Amino acid sequence: MISSLLVANRGEIACRVFRTCRELDIRTVAVYSDADENALHTRVADTAVRLPGSTPSETYLRGELIVKAALTAGAEAVHPGYGFLSENADFARAVLDAGLVWIGPPPEAIEAMASKTRAKELMAAAGVPLLAPLDPDTVTEADLPVLVKAASGGGGRGMRIVRELADLKSELEAASAEAQGAFGDGTVFVEPYVEHGRHVEVQIVADTHGTVWAYGTRDCSLQRRHQKVIEEAPAPALAPGVERRLRSAATAAARTITYAGAGTVEFLVSGEDVHFLEMNTRLQVEHPVTEAVFGIDLVALQLSVAEGARLDGEPPQSSGHAVEARLYAEDPAQNWAPQTGTLHRLSVPGIRLDTGYEDGDTIGVHYDAMLAKAVAYAPTRAEAIRRLAGALERATIHGPVTNRDLLVRSLRHEEFTTARMDTAFYERHLTDLTTADPDPYAPLAAALADAHGRSRFGGWRNLPSQPQTKRYASADGEHEVHYRHTREGLTADGVRVLSATADLVVLEIDGVRRKFDVTRHDDRVYVNTTALTALPRFPDPTAQQAPGSLLAPMPGTVARIADGLTTGSAVQAGDPLIWLEAMKMEHKITAPATGTLTALHATPGQQVEVGALLAVVQQEPPL
């Protein structure tokens with residue numbers, strides 16, 4: 001029996017594993033980077049061991065340091081979580097060689113699935129249906145569209161959809177460069193891209209005695225940059241017989257590599273056609289939806305299998321429906337740019353919330369942008385969707401910009417509610433789903449609350465009835481509001497002010513009484529779910545940048561610069577010039593116009609803050 005366990009990971013998944021360990025009375029050990037010294041997973045573990053450094057390559061990807069930490073802290077077992085070293089066969093061997101229990105499949109099984117090209121060969125031999133890879137040198141117009149994929153790794157890194165034959169060479173090079181930087185392996189391959197396909201996967205658990213259980217299906221079709229955003233179990237509206245074929249293929253895949261532990265076999269489904277994509281030899285991010293509908297704890301099952309237990313009988317029957325949404329600190333309207341800063345408040349009451357953050361924690365630049373996973377369960381799919389959308393809409397999220405509004409709109413979109421979604425959902429609908437729609441009365445409520453607060457604490461210096469003006473910025477631009485402070489109280493044109501305190505404003509608008517909860521954090525004001533930035537009365541003239549300036553859209557690291565790019569280089573509008581890496585994602589910065597690069601301040605490996613000047617392009621004068 002395992003009595004102490006180290007999680008070779010951080011954030012949400014480390015906290016999730018620790019939760020099960022506490023229920024099983026297993027002592028927990030965390031590892032943490034310098035950036036995570038005060039992180040939640042570090043705080044909640046019984047013991048924590050420092051990994052010097054801040055970047056993943058210095059810390060969570062250093063297997064030898066993690067094994068040493070486990071031995072130093074007296075841990076008996078190591079759980080890899082997901083990401084980082086979770087699918088690294090050499091790390092699994094190092095854990096076992098150190099006399100520790102590995103909470104995962106045998107290293108040989110990890111190795112068999114580590115390369116997507118090798119995995120496809122094994123699955124083809126086992127009779128599992130799949131898409132045959134294409135030779136990049138012989139791809140023709142008739143083969144388009146195609147998908148370029150990294151042979152190693154995952155998370156959407158090193159993946160490109162190619163629809164024009166002329167773009168294939170450059171996309172192969174870009175995908176290879178991204179894969180090399182992310183996984184240390186630049187090998188890529190090409191396969192047909194299935195339009196309107198759905199991403200459906202099967203959760204499996206296998207013991208060391210030859211038993212394999214398939215725990216139903218999950219649909220993970222709503223993705224951004226090939227990374228999942230919304231997942232659900234079971235996968236809805238599958239054609240007759242498809243679910244049975246998926247479970248059968250997943251079981252065959254597990255048996256082929258003598259699998260043990262929890263894992264996921266992923267497929268692309270189009271109508272009645274099923275194609276093997278890959279096998280993730282670890283716990284998936286979206287595992288809570290399967291736990292909800294089957295009434296199980298997959299982490300507890302992982303631990304039980306690692307202790308040598310048998311899976312007796314048949315897996316339990318599923319019941320009801322569960323939907324999960326990944327809440328990210330990112331701005332979907334700005335090319336999914338990750339956001340950083342202080343998370344002042346995070347509360348999504350009434351549903352399961354798996355997170356690695358608490359109020360007051362800092363969201364940094366080094367790791368994934370996911371704040372939390374919000375999971376709703378109900379007897380039917382429609383009820384689960386409604387419950388999750390409502391919980392997110394009512395959630396209190398004060399801090400960096402998030403994808404909360406996108407999630408709510410996605411969950412309520414007709415294509416999703418009627419189960420007609422596919423992996424191109426956001427390609428079709430992103431603009432509509434990210435169109436700013438803040439509450440038009442939020443700026444006025446913020447101004448009235450601020451006026452009451454300053455008056456209450458003796459800061460009021462204006463004469464009664466003197467008009468007052470406040471300026472705020474929100475997702476849809478700047479707003480100017482006007483009000484008066486009279487002897488009878490606060491008044492505003494067009495609305496009736498029923499009451500106003502520093503944290504609650506009640507207005508009557510067209511005969512309807514509305515409440516506005518107001519919270520301030522420095523210059524940020526949150527009015528219900530609308531985020532505002534208080535602006536100075538007069539703009540700062542020094543805040544202007546030269547035309548053609550390329551500014552860092554987020555804090556991060558300069559990953560690379562276009563080949564041969566130097567001051568004086570001629571560039572075309574839309575040319576990729578600089579790639580920034582932030583929160584495990586790579587962001588391309590392009591030339592804003594055709595012209596000449598007159599300044600280049602970015603260098604590979606450089607750490608930059610949001611708004612940092614990276615380069616300047618001087619536009620060619622019109623002919």
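Reader: Let's start with strand pairing: which residue in β30 does Val525 stand opposite?

Author: Before anything else, keep in mind that this is a predicted model. The residue facing Val525 is Leu532 in β30. That couple belongs to the pairing of β29 (residues 524-527) with β30 (residues 530-535), which is antiparallel and runs over 4 bridges.

Now zoom out to the sheet around them. It is an open sheet of 8 strands with antiparallel pairing, and the order is β25-β24-β23-β30-β29-β28-β27-β26. If you read along that order, β30 sits between β23 and β29, while β29 has β30 on one side and β28 on the other. At the edges you'll find β25 (489-491) and β26 (496-500), each with a single partner strand, so one side of each has no neighbour in the sheet.

Have a look at where β32 (residues 556-561) meets β37: 2 bridges join them, and they run antiparallel. In that pairing, Thr557 stands opposite Gln607 in β37.

For a bit of helix packing, jump to α3 (residues 63-73) and α4 (residues 89-97). Their axes are 10 Å apart and the helices pack at an angle of about 25°. Since angles under 35 degrees count as roughly parallel, α3 and α4 are therefore roughly parallel to each other. Their crossing is right-handed. On the α3 side the contact is made by Gly63, Ile66 and Val67, which meet Phe91, Ala94 and Val95 of α4. By class, that contact has 5 nonpolar residues, 1 polar and no charged ones.

Last stop, the aromatics, where the count comes to 8 pairs. One of them is Tyr60 with Phe84: the ring centres are 5.1 Å apart and the planes are at 25°, so this pair is stacked. Tyr60 lies in the loop between β3 (47-50) and α3, and Phe84 in the loop between β4 (77-79) and α4, so the pair ties together parts that are 24 residues apart in sequence.

Terms used:
Residues are numbered from 1 along each chain as its sequence is written. This is a predicted model: local features need pLDDT of at least 70, side-chain atom pairs count only at pLDDT 80 or more; totals for chains, interfaces and linings use all residues. Side-chain values use heavy atoms; hydrogens and water are left out. Axes are lines fitted to C-alpha atoms, for helices over the stretch in contact, and angles run from 0 to 180 degrees between N-to-C directions. Angles under 35 degrees count as roughly parallel, over 145 as roughly antiparallel, 65 to 115 as roughly perpendicular and the rest as oblique. A crossing is left-handed if the near helix is turned anticlockwise from the far one by less than a right angle, and right-handed if clockwise. Contact means heavy atoms within 4.5 Å. Ala, Val, Leu, Ile, Met, Phe, Trp, Tyr, Cys and Pro count as nonpolar, Asp, Glu, Lys and Arg as charged, and the others, Gly among them, as polar. Two strands pair if DSSP finds at least two bridges between them. Rings of Phe, Tyr and Trp (its six-membered ring) pair if their centres lie within 6.5 Å; planes under 30 degrees apart count as stacked, over 60 as edge-to-face and the rest as tilted.
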